[in-house]
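Keep the cut-offs in view.

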Amino acid sequence: MLPFHSLYRHGFVRAALCAPVLALAHPRANAEATIAMAREAAGDGAGLVLFPEMGLCGYSTEDLLLQAAMLDAVEAAVARVAEATADLRPLIMLGAPLRLGHSVFNCAVVLHRGRVLGVVPKSFLPNYREFYEKRQIAPAAAAPAREIRLAGHTAPFGTDLIFAASDVADFIAHVEICEDLWAPVPPSIAGALAGATVLCNMSGSPITVAKGEDRRVLCDAQSRRAIAAYLYTAAGQGESTTDLAWDGHLQAFEYGEELGQSSRFADGPQMLSVDIDVERLAQERRRVGTFRDGAMAAPAAFRTVEFTLDPPAEELPLRRLIPRFPYVPDAPARLDQDCFETWNIQVAGLLTRLRATGLQKLVIGVSGGLDSTQALIVAARTMDRLGLPRHNIIGVTMPGFATSEGTKSSAWALMRGLGVDAREVDIRPLCTQMLSDLGHPGPPVYDVTFENVQAGLRTDYLFRLANHSGGLVVGTGDLSEAALGWCTYGVGDHMSHYNVNASLPKTLIQHMISWAIATAQYDAAVGAALEKILATEISPELVPPDAVTGAVQSTQAVIGPYELQDFHLFYTLRWGFRPSKVAFLALSAWGERERGEWPPGVTEQNAYALPEIKKWLAVFLRRFFATSQFKRSAVPNGPKISSGGSLSPRGDWRAPSDSLADAWLEELAKAVP
């Protein structure tokens, strides 16, 4: 088995996109440049190396492609590369013009360990404006045979080829050439439906103003549509500038996520190395029934050419940066957009529900914590949108046995600042009576009954107040709490008439409140109250502070750091990864403070070692799979926010309430050191 710290162990494949400096019409020199870059990529752990279109002679050779000496030299160059790379691990794709029958074809030659695995001809030949390919080249449809003799091998020839690693699950490659991507139905679509997860494009592609952006949009879109990685190499320095220019553009996308781009117009050779999560792509295809339906309607079957990659046996850490906060983008502009959309989704959901019920009042329990704060500011904006007074919101703070003066004052400051109908109800007398009726001794016995009596009475009061005032109870519980079962079932914070926070993880709520401050959604007084709430320790405040140390009840000390548990939730819920991969990704993201970007506003920059990650992941798995589903099976309505998923049984997550977590916990124990 590969070591835990190898990217190949966890469903990744490293690919190298190459743009050598071309020696125009000099195949032997180009073969040596190709060999040198292939060796460099292999030494870096690559499993795939991709070169530009016609890379062994140059895309701009024009009528030289009809010269016998040139074509002889190209075939000799293919043989030279095959021989010189026989000891290399990666699948190598290089561009060459090749003769077959009465024609010359623009081809991708696929090599592995000295063997020609297959040859794929270009399907669509541009013959407009600056392009004149049909003068020298025949399209794939004109191929007279399904095999070709090349470099001492008889190899399959055609556009119906995919290349599958027998020892790396889900690593299946397809290659098309330049204009193929610009066609109405690119060949790579059929390749993806046939099983290819890594779609490659070797391109000549001369550059004109704004064409770089056109390429980027096409590659991005193709990766999304095909649920695939899309790798693109464009010819660079050395091509003829008689009438055109070249920029050597290298770029890689994975299901709409940019993995990397090279600089353009470089003076020397360029290599772009990216780590592709082929397992993620395969998982998503299984999840998206539309893809499966498309595959059922796909054209004729492809020929699969297998090869054995034999991934590196040594540790190979992931080079790709994994965001620490998958629900919170690092880039400020994207974060602003996501917060704007989240805010308006919440408001639109609550607004629609109010209109549907005909009610004009809202009831919210306001604790001075993050979740009720977010729900309250959303409710205030909803009233603004409806043209109703904010006084129609009844905000109630309900101090119990452990409510601090700090959170209570924050709740009051927020309610006053927003201008809602602010009220306070001391629940301690009712709780004392109920505990007595139950035969519970009360303090200092701080058990689950002691805690849930308080949570239940608060929610019970809110529902009865809603009945009495003709209002709707707005839920405040978040996605993280639902995932971990950190809520009181039924008549507790689990229940409401409509929950605007249902699909917001705790980490996103923190940023939503920061965004509301930064964008001045409300006045300075409200902003100051929000700042104070953000700085408050996350606590249910159901048990009094420790009599000796004064330490307050800490949620994260019990269920784990929310920033880490939200990470575990995302990769478990959204992608269905096994625990060992989730742990590997968590270590890649959280192992070093200095690695990667932090979202704006994160002041406490933490790091976690693998033992700590494993500990809290075990807590997450046990709570998520074994103990909390019965609560999620009965959640109130609330809007889905992000593609990261929701836990509504009517939406993204349908699961039995009585399942066991053993399969996940056993995999974690066995596969994570």
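**The sheet and its helices**

Strands β3 (residues 91-100) and β4 (residues 103-112) run antiparallel and are joined by 9 bridges. Helices (H or I, at least four residues) and strands (E, at least two) are DSSP runs, numbered from the N terminus. Two strands pair if DSSP finds at least two bridges between them. Gly-95 has Ala-108 of β4 as its bridge partner.

This is a predicted model: local features need pLDDT of at least 70, side-chain atom pairs count only at pLDDT 80 or more, and totals for chains, interfaces and linings use all residues. Residues are numbered from 1 along each chain as its sequence is written, and side-chain values use heavy atoms, with hydrogens and water left out.

Now the whole sheet. It is open, with 6 strands in the order β5-β4-β3-β2-β1-β14 and mixed pairing. β5 (115-121) and β14 (270-277) stand at the edges with a single partner strand each, so one side of each has no neighbour in the sheet. From one strand to the next, the twist averages 30°. Helix α1 (residues 27-43) packs on the sheet and touches β1 (12-19), β2 (48-50), β3 and β14. Contact means heavy atoms within 4.5 Å. The direction of α1 makes about 40° with that of β14. Helix α2 (residues 68-84) lies across β3 and β4, at about 155° to β3. Axes are lines fitted to C-alpha atoms, for helices over the stretch in contact, and angles run from 0 to 180 degrees between N-to-C directions.

**Aromatic pairs**

The structure holds 23 aromatic pairs. Rings of Phe, Tyr and Trp (its six-membered ring) pair if their centres lie within 6.5 Å; planes under 30 degrees apart count as stacked, over 60 as edge-to-face and the rest as tilted. Phe-325 and Trp-590 are edge-to-face, 5.3 Å centre to centre with 70° between the planes. This pair links distant parts of the chain, 265 residues apart. Both Phe-325 and Trp-590 are buried. Phe-625 and Trp-664 are stacked, at 3.9 Å and 15°. Phe-625 belongs to helix α18 (residues 610-627), Trp-664 to helix α20 (residues 662-671).

Why does Phe-625 count as buried? Its relative accessibility is 9%, and buried means under 20% relative accessible area, exposed over 50%, partly exposed in between (1.4 Å probe, protein chains only). Trp-664 has 29%, so Trp-664 is partly exposed.
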